[in-house]
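Here's a quick briefing to read alongside the model.

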Amino acid sequence: MAEQQGSQQSNNRPERYISHALVEVRRYRWWPLGVQSAVLLDLSTHGFKIEFTGKFHCKADESFWMTIPLSPFEISGPSDILLRITVKWFDDSKMRMGGVFELAEPQQVAFLGQIIEKVKAQVL
């Protein structure tokens, strides 16, 4: 039964797309200290996986802010988007985090969709 539930959940998971963009993660939206750089390894419309470039520590269910620059994806508009994220897992040996986006604004959803389209086009 647990196996069936696990495979059913993975079938419902949105497709993830590989990226190598640099992003920033911070605990507080406007606090300039404690900003951590990370590589965006993959993303979907709902979630992401990143690898930090330095030491970092967090726990599941903690919330942070992630800044994704738009210029590496050749998307015109603001210089970046700021998204609220929730941690789902953290691997401190590899400095990797997986989480979900807490999308609140239609503009954020639209820019995230554009990023995914650009990443998909690079794979093809």
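Y28, W31 and L33 make up a nonpolar surface patch, with about 390 Å² of accessible area together. Patch members have over 30% relative accessible area and no salt bridge (a Lys or Arg side-chain nitrogen within 4 Å of an Asp or Glu carboxyl oxygen), and nonpolar side chains are joined within 5 Å. Areas are Shrake-Rupley values with a 1.4 Å probe. This is a predicted model, where local features need pLDDT of at least 70, side-chain atom pairs count only at pLDDT 80 or more, and totals for chains, interfaces and linings use all residues. Residues are numbered from 1 along each chain as its sequence is written, and side-chain values use heavy atoms, leaving out hydrogens and water.

**Around the patch**
- W31 sits in the loop between strand 2 (22-26) and strand 3 (36-43).
- At 48% relative accessible area, W31 is partly exposed (buried is under 20%, exposed over 50%).

**Strand pairing**
- Strands here are DSSP E runs of at least two residues, helices H or I runs of at least four, and pairing takes at least two bridges.
- Strand 7 (residues 96-101) pairs antiparallel with strand 4 (residues 47-52) over five bridges, with M97 as the bridge partner of I50.
- Strand 6 (residues 80-91) also runs antiparallel to strand 7, joined by six bridges; T86 stands opposite V100.
- Four residues separate strands 6 and 7 in their hairpin, where M95 in the turn has a positive phi of about 55 degrees.

Conventions:
Patches are made of residues with over 30% relative accessible area and no salt bridge: like charges are joined within 9 Å, nonpolar side chains (Val, Leu, Ile, Met, Phe, Trp, Tyr) within 5 Å. Buried means under 20% relative accessible area, exposed over 50%, partly exposed in between (1.4 Å probe, protein chains only).
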